[in-house]
Amino acid sequence: MAYCRNCGTENDESSKFCINCGNSLRQRSEATTNTEGLESNDKTLIFLGNVCISPLLGIILYFVWKDNKPQKSKEVCSLTWWALGLWLLLIILFVIIMVIAEA
Ligand SMILES: [Zn+2]
C-alpha cells in the first residue's frame, strides 16, 4: 500500500495518482531520489575520470551540482579529494624515482 502524502489516503502500490485527491504519488518519490547521492557506478566513473583525466573534472562537477544537487556535489567533493591525494602520491613517487635515478 502507498499512502498519499497529501491527504493520507491508502492507494494501490501501482497507482500513479491518489484516488481521493488526485495528488501524484510518483512525483514525490522521484523528487526524493533527486536529493539522494550518487550511484556506485557514477562514483566509480567520477573517480576514474578524476584520476585518468584530471581532478578538475570533479571540481567542475562540484560547481555544476552545488546548487541543485547538494548531496551529489558533496560526494563529488570527497571523491575529488581522494583523487587529488592519489595524484599527489604519484607526483611524490615520481619525484623520488627521479631523485634516485639522478643519484
Ligand atoms: Zn490524496
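The C-alpha centres of domain 1 and domain 2 lie 39 Å apart. This structure is a predicted model. The domain assignment of the protein chain places residues 1-35 in domain 1 and residues 37-103 in domain 2. A zinc ion is held by cysteine donors, namely Cys-4, Cys-7, Cys-18 and Cys-21, while a salt bridge joins Lys-43 to Glu-75. A nonpolar surface patch that includes Val-95 is also present.

**The zinc site**

- The zinc ion has the SG atoms of Cys-4, Cys-7, Cys-18 and Cys-21 as its protein donors, at 2.2 to 2.3 Å.
- The arrangement of the 4 donor atoms is tetrahedral, because the angles they subtend around the zinc ion are 107 to 115 degrees and four donors count as tetrahedral if all angles lie between 85 and 135 degrees.
- Along the chain, the spacing of the zinc donors is C-x2-C-x10-C-x2-C.
- Cys-4 and Cys-21 link distant parts of the chain, being 17 residues apart. Cys-4 lies in the loop between β1 (2-3) and β2 (10-11), and Cys-21 lies in the loop between β2 and α1 (25-35).
- Cys-4 has a relative accessibility of 5% and therefore counts as buried, since buried means under 20%.
- Cys-21 has a relative accessible area of 35%, so this residue is partly exposed.

**The salt bridge**

- The count of salt bridges comes to 1.
- The side chains of Lys-43 and Glu-75 form a salt bridge, with a distance of 3.7 Å from N to O.
- This pair links distant parts of the chain, since Lys-43 belongs to helix α2 (residues 40-52) and Glu-75 to helix α4, 32 residues apart.
- Lys-43 counts as partly exposed because its relative accessibility is 34%.
- Glu-75, at 16% relative accessibility, counts as buried.

**The nonpolar surface patch**

- Trp-87, Ile-91, Phe-94, Val-95, Met-98 and Val-99 make a nonpolar surface patch of about 570 Å².
- Val-95, one of the patch residues, is located in helix α4, which spans residues 70-102.
- With a relative accessible area of 44%, Val-95 is partly exposed, because that value lies between the 20% limit for buried and the 50% limit for exposed.

Notes: Residues are numbered from 1 along each chain as its sequence is written. This is a predicted model: local features need pLDDT of at least 70, side-chain atom pairs count only at pLDDT 80 or more; totals for chains, interfaces and linings use all residues. Side-chain values use heavy atoms; hydrogens and water are left out. Domain bounds come from an automatic or database domain assignment. Donors are N, O and S atoms within 2.8 Å of the metal (3.2 Å for Na, K and Ca); water is not among the atoms, so sites may look incomplete. Four donors count as tetrahedral if all angles lie between 85 and 135 degrees; four count as square planar and six as octahedral if opposite donors are over 155 degrees apart and all others between 65 and 115; anything else is irregular. Helices (H or I, at least four residues) and strands (E, at least two) are DSSP runs, numbered from the N terminus. Buried means under 20% relative accessible area, exposed over 50%, partly exposed in between (1.4 Å probe, protein chains only). Patches are made of residues with over 30% relative accessible area and no salt bridge: like charges are joined within 9 Å, nonpolar side chains (Val, Leu, Ile, Met, Phe, Trp, Tyr) within 5 Å. Accessible areas come from the Shrake-Rupley method with a 1.4 Å probe; for residues, only the protein chains shown count as cover. A salt bridge is a side-chain nitrogen of Lys or Arg within 4 Å of a carboxyl oxygen of Asp or Glu.
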